[in-house]
Amino acid sequence: MKYSENKRYSKDQTVLIKCILSRGFCSFLLSLHSLPILLILMDSPGTSPKKEIHHSAGVVLDKGHPISESQSQMVDSSVARLSISEDSASKFGIVNSISNSSEKGTDSTSNQVKRRRSSVASINGNVIMKSRQNSTISLPRKKKKKKNSKPFSFTITDQYVGKHDNTKKISIKDIRDLTLYALKDTNNMPPWVQLDNRSSLQKMIVLFVPGLETPDFNLPDGATFDDILKNKDECNFKYFSKYPDLISLVPNNDLQAFPVVAPGSRTTLYSAYNSFMNVGLTKNEKITRRNELSKKRITIHDLLMDLDKLIENDYPIHPDTEGLTSDMKIELTEQEKNSTDTWFNTKKFDHNGSHTYALDCEMCLSDNGLVLTRASIVDFDCKVLYDKLVKPDVPIIDYLTKYSGITKEKLEPVTTTLKDVQEDILKIISSDDVLIGHSLQSDLNVLKLRHPKVVDTALIFDHKAGPPFKPALRYLASEYLHTTIQNTDVLGHNSIEDARTCMELTKLKIVNGMVFGISINTENLFSRLMKSGVRTLLLNDSVPSRQTGLENDLRNLATQKLRCTTDQEIYDNILEKMNSFELTVGRLRDLEFSRGFSQPSLKSSRRMEDVPSAEVILENLGKNINEIYEKAPSGTLIMILSGTGDTRPWGQIMKELNKLPNQEKMSQRKEREKEIERSIGVARDGVATVIIKQDSSIKND
């Protein structure tokens, strides 16, 4: 093996020789005790002109110092011997001879070169840091990234804005995909939009405002939101007209609002909010998730709710709940002192028989909210242990017979009180026992009872549409137990039947494993973004209310969910918290209530008489969006979505059909198919509007 100017050597051979001749490399070889040695990054672009190859000598040393031909031959021979030697003693002798040769070759030119600091050497411009054993590792210099001062731009592509005959529709899924791309969860830019300089986009605020109509965008009544594309200059959200900044910073300078189609089919309407909040999994992701969930066999204890889940779902927190910190316990004590209600905690005691129970309660409506009117408990074998009607101590204004099965006549002879039921339950259930129920927080809250070990069938099974929706007990019974419950509006629900259903569903889950009854087709948007380090904030009226003070102790603060009972609470929280989160999602309800698109639920604290007029709500929307815009940092994208169009015609048809028996309902649905299709077309006609916040200094660049 001879190195000469006439012979071409492989890159690896050249690198190996250079490394061997570098000072300190011998010690590095000895520390490894093995061959082949390693590849070192060399000859990177931008090499200093002082590093020249002297072909007269054949080999280049640091600073361009050559070695003689005889040294080159000796090195070639030594390298060949080194590559086949196996014992440490042989390696040590060969490496020492190479090292001595290297030192002799460089001594002659040492007077021409300034001595390097012992801590640093270099090869072809790469920095080499010496280890404690005087070995050297080549690290390429990192180029400093130039700070991006260009603004991001948002442009809807031509085929989605009516510039082609076959104009495509933008969907809620497309909006969600934009969110994932804008927040750098994926590098796949959605085809409907061109988003340049993505790194300049700092945060997104997405507000769902169901109830928006075409006249709100300067379109005639009866028009569709597709007509926006024909009148781009005129069809902006008219309640922004008072605020010049909101209408001057439009995405592609001539289009601020654009039509968005709600999810569904020709005869079906799906939830726009749910479609946005859930990301479809790939085939491989589904397989991986299924395998993970199928790995281990489970017991009832694997289904227990942890502290975070209890707090998130508005459960009363028992002081013996696993995971409670000392600060949390102090907070709970303070809350109890300040409460006007008397609460009871289950106590630990030994007893025979079952240690797993299912509980269900029936409730009626009073001026103070829901009150207990029946409580039922079954054991693990579904045997009824307790079932009593309860006389509230306040007047009932609605018996809710359709749901509760309770009538005035049933309660007239009853003398059992809430306190009686509390004392009875405390004698049956120990704090060490497992309590099962469907959305059991409602039952425990009306009982004023706390328990630490809970299984919730509304959480261990998924809704068919995926989270954040929860499955109805009636659906779970039909789907998995093949039984029919809660099937009569006259008799209402039966708390014994419901408790037994919860117990049987839990047993079935234990037998079939964690994957049973779980949707593996989608992933929650916030959970997905959290993996990428994106902080998210969710604001709506359906998020369970948390215990005051306890939410500050949650382990996961990257994702926060806050219940807001009014639209103004949502605006106020955005203004207060926007700088702490990259994505904020809010759902405003006042407009859809005011225009009759929906009604507040029975459990909601919001009443129709408290809802302002549509005009006041829309003026308030414009005012608050302007305040949010002014406070938002540069690089903020604000998007307002109706989610759907006018759902009232479709809602009325569904209301009429749902009153019919199943067989007649199917027949009528077929007869009214054309009418349903027209109503679905109107209901899926949605709209979105976009506002971009950029600093004036960036805008003018």
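Helices (H or I, at least four residues) and strands (E, at least two) are DSSP runs, numbered from the N terminus. The model is a predicted one, where local features need pLDDT of at least 70 and side-chain atom pairs count only at pLDDT 80 or more, while totals for chains, interfaces and linings use all residues. Residues are numbered from 1 along each chain as its sequence is written, and side-chain values use heavy atoms, with hydrogens and water left out.

Counted up, the protein chain has 25 helices and 22 strands. Of its 701 residues, 49% count as buried, where buried means under 20% relative accessible area, exposed over 50%, and partly exposed in between (1.4 Å probe, protein chains only). Take the contacts (heavy atoms within 4.5 Å) between residues at least 6 apart in sequence: 68% of them join residues at least 24 apart.

Next come a few single residues. Lys419 sits in helix α13 and is exposed, at 52% relative accessible area. Thr416 belongs to the loop between α12 (408-411) and α13 (418-428). Thr416 counts as buried because its relative accessibility is 16%. Setting aside neighbours within four places in sequence, Thr416 is in contact with Lys388, Leu389, Val390, Lys391 and Val421. Another threonine, Thr179, is part of helix α5 (residues 172-182). Its relative accessibility is 0%, so Thr179 counts as buried too. Not counting residues up to four places away in sequence, Thr179 touches Met204, Phe276 and Leu583.

Helix α19 has its own set of buried residues: Asp567, Ile570, Tyr571, Asn573, Ile574, Leu575 and Lys577. Their cover includes the strands β6 (203-208), β18 (536-540), β19 (559-563) and β20 (583-587), along with α20 and α21.

What about empty space inside? Rolling a probe the size of a water molecule over the atoms shows where empty space is left. On a 1 Å grid over the protein atoms alone, a cavity is a set of points where a 1.4 Å probe fits but cannot get out, and lining residues have an atom within 4 Å of a point. Grid points are joined across faces, edges and corners, and a volume is the space filled by probe spheres set on the points. The structure holds one cavity of 30 Å³ or more, and the largest cavity contains about 40 Å³ of space. Its lining is made up of Val209, Asp567, Tyr571, Leu588, Asp590, Leu591, Ile617, Leu618 and Leu621. Two or more of the lining residues come from each of α19 (567-577), α20 (590-594) and α21 (614-631), and α21 gives the most, with three. By class, the lining has seven nonpolar, no polar and two charged residues. Here Ala, Val, Leu, Ile, Met, Phe, Trp, Tyr, Cys and Pro count as nonpolar, Asp, Glu, Lys and Arg as charged, and the others, Gly among them, as polar.

Finally, helix α22 (residues 648-658) packs with helix α23 (residues 662-671) at an angle of about 145°, their axes 9 Å apart. Axes are lines fitted to C-alpha atoms, for helices over the stretch in contact, and angles run from 0 to 180 degrees between N-to-C directions. Met654, Leu657 and Asn658 of α22 meet Lys665, Gln668 and Arg669 of α23, a contact with two nonpolar, two polar and two charged residues.

Notes. 1 Å grid on protein atoms, 1.4 Å probe; cavity = no way out; pocket = protein on both sides within 12 Å on 5 of 7 lines; lining within 4 Å.
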